[in-house]
Amino acid sequence: MRRAKVGVIGCGWFGTAHARVYREIGNVDLVAVSDINLENAKRVGEMYNARYYRSPEEMLEREELDAVSVVVTPQHLAKIAILAAENGINMLVEKPVATNRRELEELVSAVERSGIIFMPGFIEIFNPAVEELKKYLKSGEIGEPLMISSERMGRNPKRPLGWNIGVSLDLGVHEMYVQMWLMGQPTAVRSVLGRGENGYDEAAVFILSFPRDVLGVISANWLTPAGVRRIRVSGSKGSAWVDYLNQTLVIERSDHSFIPQIRRKEPLLEELQSFINSVIDGRKPDVNERFARDVLISLFNGIERGIEMK
């Protein structure tokens, strides 16, 4: 079996998680890491026996890599990803992938010009409870979907880490891509946004219209002390809801309810293994740059066509 030589750009807490998981995947050699803070790069490099660099440019120039994970602060994701694409390196780019339309279009264009394999870091698609939910929706267990609603909340803004985005691009994007993964492309998106003193949205509600008259609702905020991560689909014969954190699925019908047994898995491991399999096989993944573009355009549309709460 061919092995993939991989690097990680960005050695914060989640970049460190990427490095750890790559070391656990059998057909991967983690050979290099980089971070603008050389001490962070050194820490991760020494931890996982990889060469370390201060700049991604130097790492990409010196190393012969098959793929990289781009795990930097959101406002730098697209710039670094375009650099990797111009070097012909396959990549997984963490969410939100881009912070505005210009960045998004430039990144997608660079990926398509290069012909590389691209995967967005849409980790909840690889949550086993979400995978099981999709199977039950296809089976017709709850009938025809009528409404899909999501909540993602927590009091943990990334501002001290230098994240110059609001809650829509931090938390809301997760629910946007999950709902679109399950229901398809929305025909319309609207929002209501509550902004903090810094100008970034701290609370957001999105209303989506999906084909077949399915209504979507997404609620995200940085105001709730306890973390909440759940999604519910209501159908003509019942409903199904997922707790992302506990990886549980509950099916509720008028005549009976049940909880399918789901084997717990680490979503990041499942995601990176899927990415590496695509790289080794030379196969474009289903979760690719086009899907990322559709998700972010839907999110940007909702934000731009929203109501600002004063």
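Colleague: Which element gives the most to the lining of the second largest pocket?
Modeller: This is a predicted model, in which local features need pLDDT of at least 70 and side-chain atom pairs count only at pLDDT 80 or more, while totals for chains, interfaces and linings use all residues. A pocket here is an open set of points on a 1 Å grid over the protein atoms alone, where a 1.4 Å probe fits, with protein on both sides within 12 Å along at least five of seven lines; lining residues have an atom within 4 Å of a point. Helices (H or I, at least four residues) and strands (E, at least two) are DSSP runs numbered from the N terminus, and those giving two or more residues to this lining are α6 and α7. With 3 residues, the top contributor is α6.

Colleague: How do the lining residues of that pocket divide into nonpolar, polar and charged?
Modeller: The lining includes Leu137, Phe210 and Val214, and also Lys134, Glu144 and Arg212. Ala, Val, Leu, Ile, Met, Phe, Trp, Tyr, Cys and Pro count as nonpolar, Asp, Glu, Lys and Arg as charged, and the others, Gly among them, as polar. The division is 7 nonpolar, 1 polar and 4 charged.

Colleague: How many of the residues of α7 are buried?
Modeller: Buried means under 20% relative accessible area, exposed over 50%, and partly exposed in between (1.4 Å probe, protein chains only). Helix α7 is largely enclosed by the rest of the structure, because the buried residues number 16 of the 17.

Colleague: How many salt bridges does the count come to?
Modeller: Residues are numbered from 1 along each chain as its sequence is written, and side-chain values use heavy atoms, with hydrogens and water left out. A salt bridge is a side-chain nitrogen of Lys or Arg within 4 Å of a carboxyl oxygen of Asp or Glu. By that rule the count is 23.

Colleague: Are glutamate 124 and arginine 152, which meet in a salt bridge, buried or exposed?
Modeller: Their side chains meet at 2.9 Å, N to O. The pair links distant parts of the chain, 28 residues apart: glutamate 124 lies in the loop between β6 and α6, and arginine 152 in strand β7. Glutamate 124 has 9% relative accessibility, so it is buried. Arginine 152, at 3%, is likewise buried.

Colleague: Is arginine 253 buried or partly exposed?
Modeller: Arginine 253 forms a salt bridge with aspartate 255, with closest N and O atoms 3.4 Å apart. Aspartate 255 is exposed, at 54%. Arginine 253 has 24% relative accessibility, so it is partly exposed.
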